[in-house]
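Hi there,

Here is the structure I promised to pass on. Have a look at it first, and then read my notes below.

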Amino acid sequence: MFRRQKAQDEGEKDPLLDEGESESLSDFRPLVVLEFSSKTTAVTREWMKAKIEASKKQGGAELYAKTVVANDGEERVLLVSAPQERLLQGAEQMGLKKKYKDGSVRPFTFAERQNVEDYTESLEGMLTMSQSQYIIKVELDNIRALETENHIPGCSDRKARLYKGKSILSRMVSCHLLDKMYPVHNPDQLKRLQHDWYHLHSPKQLMGGQPIETIRGYFGESVAMYFAFLGHYTKALVVPTVIGVLYYLFNESGRNDFVIFAVFNMIWATVFLETWKRTSSAHAYNWGTLGRKAFEEPRAGFHGKLGVNPITGRSEPVYPSWKRLLRIYCVSFPIVILCMLVAVVVMMVYFWAENIAKAKHKEENTMLTKGLVLVPSIVYSVVIILMNQAYRTLAQYLTKNENHREQSAYENYLIVKLVLFDFVNCFLCLFYIAFVMQDMNYLRQSLAILLIVQQLVGQLQETLLPYLLMRKRIKKGEKSGLDHVSKPLHEIPRSKQAEVESLMDRYEGTFDDYLELFWQFGYVFLFSAVYPMAAFWALANNVMEIRTDAFKMCRIFQRPFMEPAANIGAWQMVFEVMGFIAVMTNTALIGMSPEIQPLLEGYTTVQKVLIFVAAEHLIIFIKVVLAFAIPDMPEWVETQMGRIEYQSTQALKKQAQLHRTRWMISSAPSLDYENYNHS
């Protein structure tokens with residue numbers, strides 16, 4: 001694919017190098033790859049390269065860029081890099097935090113670079129490769145149009161208009177002039193990560209242990225935070241799994257045996273979520289993301305009339321809030337409700353089909369009809385997955401149509417849509433069986449089938465899909481004459497690395513992974529009173545999930561850009577709300593239990609309801625007490641944060657005192673002179 005690299009492999013002189021420029025790329029460390037679309041003209045590409053290399057005053061990024069020529073003779077690929085000093089200056093501008101020699105973690109300043117814990121005279125190693133790539137991405141995103149630039153050169157599309165202060169890269173993406181932008185892998189680091197991550201070496205690793213710090217250094221905080229949460233959740237499932245299996249094996253006298261287990265699970269969910277807050281805050285402090293607030297630039301898809309941002313003073317699109325709210329409540333909300341109603345109709349069709357199967361089995365009572373009874377549940381489990389996937393595409397379109405300015409707002413509104421629909425689609429049938437049909441045996445059977453089948457289908461997607469994607473990539477590479485495409489990156493010549501990575505699939509983020517954990521969490525904790533084995537199946541799935549996700553990250557997908565993260569965001573609230581719903585469902589199930597009802601003889605219906613409402617509130621009270629009793633931050637993190645705040649206050653006082661002293665010194669002579677003249 002890349003003719004320039006082929007020429008270098010064969011020892012030929014690179015025709016793109018200028019006179020006096022080194023013929024070797026050894027001094028140039030590619031960090032980010034930009035791939036232009038085939039419709040992009042040479043004029044556009046040269047203009048973009050010049051913008052990347054131009055100074056800040058000229059509206060550029062002050063980065064290095066080298067062109068790679070494709071087999072079609074078009075210079076459609078740019079390799080972007082930057083000297084270490086430039087990257088450190090970018091780190092200071094973005095407020096990246098580093099660990100200093102005194103043990104504190106605070107914003108990095110280039111002037112204090114010698115006090116940083118990992119300081120070297122060459123400045124190498126002070127930033128991880130993922131941090132360097134993130135800085136370059138931010139700098140590329142911040143290449144903005146000047147007042148004299150009103151159109152992308154070499155592009156006749158009317159949409160290619162430029163506005164002063166508008167991100168040029170975002171405009172090129174929206175005009176389909178830029179196909180891909182991705183950070184390159186580091187083959188040596190990736191090889192070590194693969195060995196430590198998805199190859200099993202110890203029982204601790206089997207139960208969720210992962211090299212989180214290494215993952216963070218390679219993929220960034222957002223990915224590392226997801227895998228840390230997955231590992232923490234997997235470890236938390238061990239205790240309910242052991243207790244649930246023991247109950248299931250040795251207590252078959254009745255469902256009342258599961259009452260204590262259900263109460264334990266309700267409390268354990270709170271302990272798990274509160275201890276995760278402590279774990280995530282410790283990670284965030286060590287990574288320098290705890291308490292970090294950054295001004296969000298408009299996301300790439302945001303559009304509107306050109307205006308002035310009151311905070312930055314820069315020109316950018318402005319979109320009225322009332323129009324966004326109109327789209328949310330008059331378009332998105334009704335469509336979401338309609339989709340939920342469709343899920344209800346599909347659920348009723350499932351019950352209708354299952355009743356037919358049961359009637360057939362009751363009539364004939366054969367092994368065939370016995371198996372036929374399970375078919376509707378299995379088919380319904382698969383239909384739920386397909387509906388979730390189809391709705392996900394619709395939810396993304398609706399949220400994009402709402403035109404949110406910040407990426408965080410876009411993600412939060414998308415989470416709300418997905419959680420609402422998935423809750424109805426995945427759990428409504430179980431609520432119907434539990435509280436309308438009141439058939440506990442049927443509920444236990446349906447819960448087991450839904451959980452196991454959905455996890456099996458999910459694992460097939462996690463294992464089979466990556467294999468098919470890899471085979472597709474290999475065939476595509478072989479057609480292009482790439483002999484190394486089937487090998488791991490550390491076995492591929494460095495000159496071939498970019499073209500192999502170009503064929504990899506883009507990583508879409510952790511959204512789907514969190515959503516999968518959401519409905520799994522619901523299956524485990526919402527109906528603990530009837531199916532204690534749910535935790536076992538979830539644990540078994542998660543052990544495999546860690547390995548398959550790690551394999552995909554290392555072998556299938558392009559490397560994602562680092563995204564700073566201090567926690568799991570809105571998903572924390574989603575899991576906490578699910579924990580409170582679990583209290584209500586399990587308390588109601590316990591109250592409906594035939595083994596519990598005799599204990600309440602002589603009480604009226606109203607009194608029974610009041611008793612279980614009181615029990616529900618008692619458990620919620622215990623959960624709230626636990627939430628307050630378990631601090632969100634470890635004591636050492638609170639101490640360090642307090643120390644940093646104190647040091648910042650003292651520094652501001654010293655700075656104010658210094659300004660006051662300078663003012664007094666500068667103004668003293670003029671005051672004396674005036675007094676002298678007056679006298």
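Val342 sits in helix α12 (residues 321-364); helices here are DSSP runs of H or I with at least four residues, strands are runs of E with at least two, and both are numbered from the N terminus. This is a predicted model, in which local features need pLDDT of at least 70 and side-chain atom pairs count only at pLDDT 80 or more, while totals for chains, interfaces and linings use all residues. Residues are numbered from 1 along each chain as its sequence is written, and side-chain values use heavy atoms, with hydrogens and water left out.

Val342 is partly exposed, at 42% relative accessibility (buried means under 20% relative accessible area, exposed over 50%, partly exposed in between, with a 1.4 Å probe and protein chains only). Together with Leu325, Tyr329, Phe333, Ile337, Leu338 and Leu341, Val342 makes up a nonpolar surface patch with about 690 Å² of accessible area. Patch members have over 30% relative accessible area and no salt bridge; nonpolar side chains (Val, Leu, Ile, Met, Phe, Trp, Tyr) are joined within 5 Å, like charges within 9 Å. The areas come from the Shrake-Rupley method with a 1.4 Å probe, and for residues only the protein chains shown count as cover.

**Cysteines**

How many disulfides does the structure hold? There are 0, taking a disulfide as a pair of cysteine sulfur atoms within 2.5 Å. Cys330 is exposed at 52% relative accessible area, and Cys339 is buried at 16%.

**Helix α8**

Helix α8 (residues 212-219) is mostly covered, with 6 of its 8 residues buried. Those are Ile212, Ile215, Arg216, Gly217, Tyr218 and Phe219. They pack against α4 (129-141), α6 (187-197), α9 (221-236), α11 (259-287) and α19 (534-556), where contact means heavy atoms within 4.5 Å. Just after α8, Gly220 has a positive phi of about 100°.

**Salt bridges**

I found 17 salt bridges in the structure, each a side-chain nitrogen of Lys or Arg within 4 Å of a carboxyl oxygen of Asp or Glu.

- Lys49 pairs with Glu53, with the closest N and O atoms 3.2 Å apart. The two are about one helical turn apart because 4 residues separate them in helix α2 (residues 42-53). Lys49 is buried at 17%, whereas Glu53 is partly exposed at 37%.
- Glu139 and Lys56 form a salt bridge at 2.6 Å, N to O. This pair links distant parts of the chain, 83 residues apart: Glu139 is in helix α4 and Lys56 in the loop between α2 and β2 (64-68). Glu139 is buried at 4%, and Lys56 is partly exposed at 38%.
- Arg392 and Asp512 meet at 3.3 Å, N to O. Arg392 belongs to helix α14 (residues 375-401) and Asp512 to helix α18 (residues 511-525), so the bridge ties together parts 120 residues apart in sequence. Arg392 is buried at 16%, while Asp512 is partly exposed at 40%.

Lys56 and Glu139 also belong to a salt-bridge network with Glu62 and Arg86.

**Confidence**

The mean pLDDT is 83, and 88% of residues reach 70 or more; pLDDT is the predictor's confidence in each residue, from 0 to 100. Confidence is highest in α9, at 94, and lowest in helix α1 (residues 3-9), at a mean of 40. Over residues 1-26 pLDDT stays under 50, and the model has 45 contacts beyond four places in sequence for them. Where pLDDT is low, the predicted coordinates should not be read in detail.

Best wishes
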